[in-house]
Amino acid sequence: MSDQRDVLERIADALERLAPAAKAPVDWQANATFVWDGQSAHPVEQSDAIALSTLRGVEQQKSAVCENLSRLASGAAAHDMLLWGARGMGKSALIRAAAFAAQTSHPGALKLIQIAPDALTSIPTLIEAVADQDAAFLLFVDDLGFDAGNAQDNLALRSVLDGGLITRPPHIRLAVTSNRRAIVARDVDGADALHERDERDNALALADRFGLTLAFHPCDQTVYLDILKAYIDPLKLQFDDAEANAWAIARGGRSGRTAHQYATELAGRAGLSL
């Protein structure tokens, strides 16, 4: 009997060693920003949030996002947000900057969680995990696309926003950015194939579920140079307009992103950090 007990104890010990360690629960109050990988949230420092004053050429969008996040952080009704349009015009930067500003003005009241690209279908699990937390949560989906075969993610987001069986508490809102113009385009060319129309209808069915939809358009030369000045004026650097424009054109056009890249170049030449 003793030998049999020893064997059973050794088997039990071996199974215990093989079993994965239980994950520690996430301390949602220990940090303001997280990344959700589909199974767990990982705290991160939001070190790349730029100052709101640096974002130029998007004043209307900036005002709307900041007002909405201030409402969310204060416990008032707030919208889900869709920011769509031109590449490099500050959609993602605005979400991060506005969230950081709201977190600063409402300490501990707002948590930002960025959703990994392959984790959209797990958002209901995340909502369940934070539903009873004493804080507001902004779930951030960056650079959403609607490639062929991506219907599952589309349907998952639509269900989360409106129409799913799981009730989403009002202190949990979504912010989505997308470069795809079709997400809000209302005109359908009669020559399009039927499946292309279906894809547009699916995109519009998602877009219609956002209470706040903001468009970002390509910037002209004046706005581009103004954005550039916002980056380099604190460093007391100068630039040549012609070279600045040539830099942007060589990289596909004027935008906030190309302005930042050129500012980085100027700072590097001067031996400064940006």
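T258 is buried, at a relative accessible area of 4%, where buried means under 20% relative accessible area, exposed over 50% and partly exposed in between (1.4 Å probe, protein chains only). The model is predicted: local features need pLDDT of at least 70, side-chain atom pairs count only at pLDDT 80 or more, and totals for chains, interfaces and linings use all residues. Residues are numbered from 1 along each chain as its sequence is written, and side-chain values use heavy atoms, with hydrogens and water left out. The chain has nine helices and seven strands; helices (H or I, at least four residues) and strands (E, at least two) are DSSP runs, numbered from the N terminus.

**Chain totals**

- Of the 274 residues of the chain, 43% count as buried.
- Among contacts between residues at least 6 apart in sequence, 73% join residues at least 24 apart; contact means heavy atoms within 4.5 Å.

- T258 lies in helix 9.
- A polar atom of the T258 side chain lies 2.9 Å from the backbone nitrogen of S255.
- Leaving aside residues up to four places away in sequence, T258 touches Y224, W247, A248, R251 and G253.
- Two packed helices are described by the angle between their axes and the distance between the axes.
- For helix 8 (residues 241-250) and helix 9 (residues 256-269), the angle is about 125° and the axes are 9 Å apart. Axes are lines fitted to C-alpha atoms, for helices over the stretch in contact, and angles run from 0 to 180 degrees between N-to-C directions.
- Helix 8 and helix 9 are therefore oblique to each other; angles under 35 degrees count as roughly parallel, over 145 as roughly antiparallel, 65 to 115 as roughly perpendicular and the rest as oblique.
- The crossing of helix 8 and helix 9 is right-handed. A crossing is left-handed if the near helix is turned anticlockwise from the far one by less than a right angle, and right-handed if clockwise.
- Helix 8 contributes E243, A244, W247 and A248 to the contact, and helix 9 contributes T258, Q261, Y262, E265 and R269.

**Packing of helices 2 and 3**

- Helix 2 (residues 59-74) packs against helix 3 (residues 91-105) at an angle of about 45°, with the axes 9 Å apart.
- That angle makes helix 2 oblique to helix 3.
- The crossing of helix 2 and helix 3 is right-handed.
- On the helix 2 side, Q61, K62, V65, C66 and L69 meet L94, I95, A98, A99 and A102 of helix 3.

- Seven strands form an open sheet in the order 2-1-4-5-6-3-7, with mixed pairing; two strands pair if DSSP finds at least two bridges between them.
- Strand 2 (41-44) and strand 7 (212-216) are the edge strands, and each pairs on one side only.
- On average, neighbouring strands of this sheet are turned by 20° against each other, direction ignored.
- Four bridges join strand 1 (residues 33-36) to strand 4 in the parallel sense.
- Within strand 4, I113 is the bridge partner of F34, and L112 stands opposite T33.
- Strand 4 also pairs with strand 5 in the parallel sense, over five bridges, and K111 stands opposite F137 in strand 5.
- Strand 4 is mostly covered, with five of its six residues buried.
- Helix 4 lies across strand 1, strand 4, strand 5 (136-141) and strand 6 (172-178), running at about 165° to strand 5.

**L82 in strand 3**

- L82 is found in strand 3 (residues 81-85).
- With a relative accessible area of 0%, L82 is buried.
- The C-alpha atoms of L82 and S178 are separated by 7.7 Å, although the two residues are 96 residues apart along the chain.

- S122 is placed in the loop between strand 4 (110-115) and helix 4 (123-130).
- S122 counts as buried, at 11% relative accessibility.
- The side chains of S122 and W36 are joined by a polar contact of 2.8 Å. A polar contact is a pair of N or O atoms within 3.5 Å; within protein, one must be able to donate a hydrogen and the other to accept it, and residues adjacent in sequence count only if both atoms are side-chain atoms.
- Not counting residues up to four places away in sequence, S122 touches W36 and G38.
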